[in-house]
Amino acid sequence: MTIERNLVLVHTPGYQDVEDFQEIGRAVEEIAPDIEVFVASNGIPSSATRRRASKRPTLIFSPGNLLSFHPLRGKIYEGSPIPKLEQIARFKAARLPVPPSAEITPGVVLSEAEFGSHVVVKPGFSEASRGRFITLMRREAVRFQPRESFPQDDPGRYGPMYAQRFIDTGTFVNHHRVLTLFGVPLLAFKTTATTARPSLDSPDDVLAAMTVKARRRDGPIERELTSDADILKLAARAYSALPEIALHGVDIIREAGSGKLYVLEANPGGNTWIFSKGDMTTRLQAALGLKRLTDQFDAFRTAAKVLIERTRAEAG
């Protein structure tokens with residue numbers, strides 16, 4: 001079969017292992033001999049690859065921002081941080097379920113009908129918090145705070161803060177992470193704290209210290225694979241809200257009691273490619289009982305099939 005199109009896979013050293021992309025590339029060329037695959041480094045100009053790839057219609061995929069590699073032609077899908085408030089607005093526009101949210105501005109008033117009794121206060125720009133600087137408080141206690149009043153290491157000093165209705169996931173806080181490529185799941189797991197959260201009628205200082213998102217650095221956690229069809233379907237739908245970003249790490253929570261699902265964010269910056277991140281990958285594989293994180297959904301071959309479809313449809 002004649003080669004008609006090119007696919008360029010761009011890895012960023014320190015964030016994605018080049019071998020991941022080489023494996024995906026081999027699968028693409030095995031399944032689709034009409035596509036030639038190039039693997040480029042985001043750390044150097046890769047000038048020879050750039051010139052060779054420019055000779056045919058091309059599609060470029062990079063989990064993160066393109067840095068040193070700048071293609072001469074082609075349809076580009078690259079990761080890029082998107083402010084959380086913008087993500088929420090776009091989720092709502094796409095009719096996805098999101099908790100009521102509002103930027104904390106001077107004179108802000110949060111209604112009990114919309115925001116309930118408790119809210120979570122978060123940094124509102126890009127992915128600056130990485131799960132930190134998130135505070136639970138009573139709705140009526142929310143006040144605007146000037147940026148200069150925040151500590152030097154607090155994201156509130158450099159961007160907006162927002163309040164989001166607290167969605168109670170149960171006595172042991174938990175969330176789901178679904179990694180998708182063009183909306184197709186590559187990996188999905190649930191993280192649960194093993195220490196019970198305090199009662200919501202606890203004093204303010206106890207609430208403020210509460211772990212709102214289960215993270216290893218805050219205490220013991222448990223992880224398990226997610227196979228819930230409703231969660232996978234919602235994660236796939238989230239792609240429609242941010243279609244210019246191919247790789248999403250969609251965070252979803254389920255409300256205890258009602259079972260209602262909510263999308264929190266898509267983490268579109270590209271740091272969610274966790275198939276080859278050293279100790280982090282090893283720990284996650286052990287926790288999920290997988291030899292490789294790719295085993296759950298045959299991730300690399302699945303990625304190859306999705307990229308073939310996109311390359312044939314959109315290479316330019």
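Strand S3, which spans residues 58-62, is mostly covered, since five of its five residues are buried. The model described here is a predicted one. Within S3, the side chains of Thr58, Ile60 and Ser62 point one way, while those of Leu59 and Phe61 point the other way, and all of these residues are buried. In a regular strand the side chains alternate between the two faces of the sheet.

Which strands pair with S3? Strand S1, made of residues 5-11, pairs with S3 in the parallel sense over four bridges, and S3 and S4 likewise pair in the parallel sense over four bridges. Strand S2, residues 35-41, is itself mostly covered, with six of its seven residues buried.

## Aromatic pairs

A search of the whole structure finds seven aromatic pairs. One of them joins tyrosine 77 and phenylalanine 182, whose ring centres are 4.8 Å apart and whose planes stand at 90 degrees, so the pair is edge-to-face. Because tyrosine 77 lies in strand S4 (residues 75-78) and phenylalanine 182 in the loop between strand S9 (174-181) and strand S10 (184-193), the pair ties together parts that are 105 residues apart in sequence. Buried or exposed, how do tyrosine 77 and phenylalanine 182 count? Both tyrosine 77 and phenylalanine 182 are buried.

Tryptophan 273 and phenylalanine 300 form another aromatic pair, and this one is stacked, with 6.0 Å from centre to centre and 5 degrees between the planes. Tryptophan 273 belongs to the loop between strand S13 (261-265) and helix H7 (279-288), and phenylalanine 300 belongs to helix H8 (residues 299-314), so this pair ties together parts that are 27 residues apart in sequence. Tryptophan 273 and phenylalanine 300 are also both buried. Ring pairs link Phe21, Phe61, Trp273, Phe275 and Phe300 into a cluster; Phe61, a member of that cluster, is also one of the buried residues of S3. Tyrosine 77, for its part, has a charge over its ring, as the charged end of lysine 75 sits there at 5.1 Å from the ring centre.

## The cavity

One cavity of 30 Å³ or more is counted in the model, and the largest cavity holds about 30 Å³ of space. The residues that line the largest cavity are Arg50, Ala53, Ser54, Thr58, Phe69, Pro71, Leu72 and Arg73. Sorted by class, this lining has four nonpolar, two polar and two charged residues. Thr58, which is part of the lining, is also a residue of strand S3.

Most residues other than glycine have a negative phi, and most peptide bonds are trans. Arginine 95 has a positive phi of about 60 degrees although it is not a glycine, and its place is in the loop between helix H3 (84-93) and strand S5 (101-103). Aspartate 298, also not a glycine, has a positive phi of about 50 degrees and lies in the loop between H7 and H8.

The table gives the accessibility of these and two further residues.

| Residue | Relative accessible area | Class |
|---|---|---|
| Arginine 95 | 73% | exposed |
| Aspartate 298 | 44% | partly exposed |
| Glutamate 112 | 55% | exposed |
| Threonine 105 | 31% | partly exposed |

Glutamate 112 has its place in helix H4, residues 112-115. Where does threonine 105 lie? Threonine 105 is found in the loop between S5 and H4. Glutamate 112 and arginine 165 are 53 residues apart in sequence and 9.7 Å apart in space, taken from C-alpha to C-alpha. Threonine 105 and valine 10, by the C-alpha to C-alpha distance, are 40 Å apart in space and 95 residues apart in sequence.

Technical notes
Residues numbered from 1 in each chain as written. Predicted model: local features only at pLDDT ≥ 70, side-chain atom pairs only at ≥ 80, totals over all residues. Heavy atoms only, no water. 1 Å grid on protein atoms, 1.4 Å probe; cavity = no way out; pocket = protein on both sides within 12 Å on 5 of 7 lines; lining within 4 Å. Points joined across faces, edges and corners; volume = space filled by probe spheres on them. Nonpolar A, V, L, I, M, F, W, Y, C, P; charged D, E, K, R; others polar. Phe/Tyr/Trp six-rings, centres within 6.5 Å; stacked < 30°, edge-to-face > 60°. Helix = DSSP H or I, 4+ residues; strand = E, 2+ residues; numbered from the N terminus. Buried < 20%, exposed > 50% of the residue type's maximum accessible area, 1.4 Å probe, protein only. Lys NZ or Arg CZ within 6 Å of the ring centre and 35° of its normal. Pairing = 2+ DSSP bridges.
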